[in-house]
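Here is a short walk through a structure. Start with the view below, then read on.

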Amino acid sequence: SVVCIAQVPDTETRIKIGGDGRRIDEAGVKYIVSPYDEYALEEAIRLKEKEGGDVTVLGFGPDRVQQALRESLARGATKALHVKGESGDADSLGIAKVLAAAIKTIPHDLVFFGKQGVGTDNSLVGPMVAELLGYPQINVVTHMETAAGKVTAHREIEGAEEVIEAPTPAVITAQKGLNEPRYASLKGIMAAKKVTIDTKSIADLGLADSDIVNQRVTIVSLELPPEKSGGRKIDGGDPAAAAKEIVRYMKEEAKAL
Amino acid sequence: MPGVLVFCEVQDGKLKKASREALSIGRKLAEAAGGDLTAFAPDKSAADDAGRYGAKKVFVADGGGYNTETYTAAMQAAIAQASPSIVLFGGTSNGRDLAPRLAARLDAGVASDVDRLEWAGGKLKARRPVYSGKAFATVEVSSVPAIATTRINAFPAEESGAGAAEVVEVSAPADAKAKVVETKVTESGELSIVEADIIVSGGRGLKEGANFSLIRDLAHAIGGAVGASRATVDAGWIDHQHQVGQTGRVVSPNLYIAAGVSGAIQHLAGMSSSKHIVAINKDPEAPIFRVADFGVVGDLFTILPALTEEVKKAKAH
Ligand SMILES: Cc1cc2nc3c(=O)[nH]c(=O)nc-3n(C[C@H](O)[C@H](O)[C@H](O)COP(=O)(O)OP(=O)(O)OC[C@H]3O[C@@H](n4cnc5c(N)ncnc54)[C@H](O)[C@@H]3O)c2cc1C
Ligand SMILES: Nc1ncnc2c1ncn2[C@@H]1O[C@H](COP(=O)(O)O)[C@@H](O)[C@H]1O
């Protein structure tokens, strides 16, 4: 199977706006594998352990993406493909077009994504790739099983779970709870060093920059939220009095009672 | 036609809140763009409701329950008839499943999870929280149609006073590769945090799972949903459906009450856009107080029961 890995700023990152006013300032930012992609990767590795085959991790972006792919190899992926390019200049459909073209060059039954790339928080790329490849999609998956030519997965929806059956090849997007991702072992880290990460350009995939550079969605500006003007703080030593104050706040300001 | 088409969903015979909100902002955008508001719905029962929120027409495809592939085809058919400039989806599971699939089919751009929308200079301008609310991106969608999914609770639902919408049937192929074989209800009767106007959240300060009853009692008294920090979910005190934050749900209710939650950056990411925030924590330095509009420094074990009593009294009046 193929696992698409997005590299994103560490969730602890203090966001600063870059000089162009449209992107974050990358200076000093630590990058990680997007947390949901870890569930996607773990599921693919478990499948490989059960049924054999390769797990190819695929990342589109600048050189630093190799680090995320290397980490994924250390956890148990067997191959890696890095499509070099300024993914930051592409909108989600642009990214999906690159990934779809790359996926076609890799043998697979299932294509895994995170349900959301943490940071840009779009939740778009997985279903877009499914459509571009003409595959069924099962989105926000918390449990899955495979059988010959078929995948059955639980899709999380409001207050319920749908059990969905689809023929392979299919797209799965992973939700927290799908599994408990493993850490890289020392042996895995050593083995990963020996794997050559395959590298391709967008042109190698038969695409031109104009296919992917923002034509549909452009970021106009990026701003930090306004500072909260410092709320009121009271002492709760007298619970009954504090409760009265909270209720007054809820009634008069939040208009919630 | 420079109009707006809104994907609508029905639950218990009524339009979902997310759909009503999307129709309401859709109506404003349609006025600004100088076109009509139309809706897509799974069946005719939505016509009255959709009309009440300003839709002139409602496209219906009696193709059964939600299925990504058949609904994509049906939406495509509705779009072919209405030729809207803008297509909106309420930010439900289905809306967020369908919007990107349809966008890829139409080669259109999507702004997802937006909390502001504007029609400016022939383009859809949207604001969306990114880095889990640590920043806001303003984006322009220049494709036709321009697609957006709306964040629940970000746009007030406002009726327009109009009558039922005209029903237009669209036909779409009913075959799909993926099939729903079963739906398992996980949280019967409980209000989902995503749609709730009020959320009461508990953290590790509750000390043990059984004490979530303090949170539930208050939520019940106010008519709100129960939220939780990841620490409590990981401890097995409560189901993941309740988790608020970066790896849980991002919520923006009118009122968010956090008790015994420290306010880690990943938790704040999921709730700091709430309109009113009340925090109860015994540590005056807890980071949750930085985003709280109303903070109480004290012991949740005494304050929560007192608050529940006080809310019941207020409600009784
Ligand atoms: C990649 C990643 C993703 C994450 N995603 C999420 C997420 O989605 N959501 C999330 O919540 N966290 C998330 N976390 C975890 C987060 O960093 C914190 O660990 C977590 O939010 C802490 O939960 P808490 O506030 O309940 O517990 P604690 O941080 O332990 O805080 C407990 C609080 O209770 C207070 N307290 C104790 N006793 C009392 C009392 N008697 N009365 C009043 N107050 C009391 C304490 O002062 C303290 O502030 C994530 C972490 C990582 C690394
Ligand atoms: N540049 C990228 N390279 C590889 N995979 C990506 C990239 N961007 C997004 N993805 C995948 O798409 C998923 C959803 O991302 P998004 O639509 O941006 O929220 C991620 O969890 C990844 O699996």
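**A threonine in chain B**

The side chains of Thr92(B) and Glu9(B) are joined by a polar contact of 2.5 Å. A polar contact is a pair of N or O atoms within 3.5 Å; within protein, one must be able to donate a hydrogen and the other to accept it, and residues adjacent in sequence count only if both atoms are side-chain atoms. This is a predicted model: local features need pLDDT of at least 70, side-chain atom pairs count only at pLDDT 80 or more, and totals for chains, interfaces and linings use all residues. Side-chain values use heavy atoms, without hydrogens and water; residues are numbered from 1 along each chain as its sequence is written, while chains are lettered from A and ligands numbered from 1 in the order in which they are written.

Is Thr92(B) buried or exposed? Thr92(B) is buried, because its relative accessibility is 1%, and buried means under 20% relative accessible area (1.4 Å probe, protein chains only).

Now turn to ligand 2. An oxygen atom of ligand 2 is 2.4 Å from an N or O atom in the side chain of Asp37(A). Backbone atoms take part as well: a polar one of Val125(A) is 2.8 Å from an oxygen atom of ligand 2, and an N or O atom of Gly114(A) lies 3.1 Å from an oxygen atom of ligand 2. Taken alone, ligand 2 exposes 480 Å², and the protein buries 94% of that. Such areas come from the Shrake-Rupley method with a 1.4 Å probe; for residues, only the protein chains shown count as cover.

Methods. Buried < 20%, exposed > 50% of the residue type's maximum accessible area, 1.4 Å probe, protein only.
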